[in-house]
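Got a structure open and wondering where all the labels come from? Let's go through a few of them, one question at a time.

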Amino acid sequence: MKPSATLAIQERCSKLAAEGRAVYKLGLGQSPFPVPTCVVEALRAHAAEKDYLPVRGLPQLRAAVAQYHRYRHGIRSTAEDVLVGPGSKELMFLLQVVFRGELVLPSPSWVSYEPQARILGQRVRRIPTDPSREFRITPEQIDELCQREPGLPRILILNYPSNPTGCSYDARELEALAAVLRRHGVVVLSDEIYGELEFDGRHTSIARFYEEGTIVASGLSKWCGAGGWRLGTFTFPAQLGWLLDAMAVVASETYSATSAPIQYAAVRAFQGGDEIETYLRRSRRILAAVCGAFRDALVAEGVLCRPATGGFYLFPSLDPLAERLARRGISTSPELCARILDEASVATLPGSDFGVPEDRLFLRVALVNFDGARALSALADDRPVDADFLRDHCAPTMRAMDAIVDWIRRAV
């Protein structure tokens, strides 16, 4: 196995920087925004907390997470339904440790889902998706897959807004998926880590339609800008409490507990309030504008790119330029990424890292290499996030966009 693609590209960029090379980092998907001040203050106030906390998590935090999901998503959860871990990535791994069954993934999907399954010897089934449908899986695809081996235990990981595509599902689509998933008894891990970054602020959880079979994953890394704090949460329905119990047993023999100061600070994050709502509203506006401008620039050069509806990713396809790129010796997405890095100094990830065949010329770009603190401080609610704002306050990302556009023009 290879190291995680997102971490590997970050290390490659750091190495190039140490060699004196300037690189635009569009590889690792780390929020550009600072942790909200009120959450930082809560961490400072609890920095001296040193005791081991319960394996399942700080009771006050579990209660805050449950309340958050009740308020945001209409999920009937309590503190007893929540498990806290050192990042949702670790919790996803523990889920596969205790649930022996088939893992079902859309293609494309996040780089670490399948490797985790491979580490554990789990079987993985991929469901192909298409840009023309905003990379969404359909109820018919789920039904067809489940009918091949009826009764087989399965987990479907549904991540939306999606890493890598930036696309999402609306309530009608989720309700239709929920009906077929319920009929086949498929457990859903709904990875909603980007849910608060849905640009319109109206994220819907599939748990609203399939509560008894859905585990909702969340955390602090994306919407709260605290990826390095490493805190994730799983919220279970009562019917899947046996999975929570099993994961807690494994957690007690592996990581023991999540960092105490971080858990106390996370209580404040999940409690929300005016400061956090303002932070989220402005973050969404900036990300929507960055994604929109970047996409428009690529589409103008003949690139196929669906609009993002949340998060900070785009998943453009250079397949329409394949013949001309082939004449330049580029026929796979890894080759495409390597050439853009070498010749345009822009780091991206190939679509093949996300489960797309290598000969499809997809890239994932993470539009996060700008000073989010500066951008937030400059944005008032009545100020438009226009081209001038992006050039002034998201300049590195705009320069990376220009570099890719210039490279495409030279390459084709």
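Here are some questions and answers about this predicted model.

Q: Why is T204 called buried?
A: Buried means under 20% relative accessible area. T204 has a relative accessible area of 13%, so T204 counts as buried.

Q: Where does T204 sit, and what is T204 in contact with?
A: T204 is in the loop between β6 (187-191) and β7 (214-219). If you skip the neighbours within four places in sequence, T204 is in contact with Y160, A171, L174 and F209. To be called a contact, heavy atoms have to be within 4.5 Å.

Q: Which residues of α3 are buried, and what do they pack against?
A: The buried ones are L61, R62, A64, V65, A66, Y68, H69 and H73. These pack against β2 (82-85), β7, β8 (232-235) and α9 (260-271). Just after α3 comes G74, with a positive phi of about 70°.

Q: What makes both faces of strand β12 count as covered?
A: In a regular strand the side chains alternate between the two faces of the sheet. In β12 (residues 363-366), L363 and V365 are on one side, R364 and A366 are on the other, and all are buried. With buried residues on each side, both faces are covered.

Q: How do you know that β12 pairs with β9 and with β11?
A: Two strands pair if there are at least two bridges between them. Strand β9 (residues 313-314) and β12 have 2 bridges, in the antiparallel sense, and Y313 stands opposite A366. Strand β11 (residues 349-350) and β12 also have 2 bridges, again antiparallel, with P350 opposite L363.

Q: What makes L220, I286, L318 and W407 stand out in the largest nonpolar core?
A: They touch the most other members of this core, which has 81 residues. Helix α10 (residues 274-299) gives the core its largest share, 11 residues. Another core, of 40 residues, lies apart from it, and I9, F99, L103 and F236 are among its members.

Q: Which residues is I286 in contact with?
A: Leaving aside neighbours within four places in sequence, I286 is in contact with F33, F370, A375, L376, L379, V385, F389 and C394.

Methods:
Residues numbered from 1 in each chain as written. Predicted model: local features only at pLDDT ≥ 70, side-chain atom pairs only at ≥ 80, totals over all residues. Heavy atoms only, no water. Buried < 20%, exposed > 50% of the residue type's maximum accessible area, 1.4 Å probe, protein only. Helix = DSSP H or I, 4+ residues; strand = E, 2+ residues; numbered from the N terminus. Core = buried A, V, L, I, M, F, W, Y, C linked by side-chain atoms within 4.5 Å.
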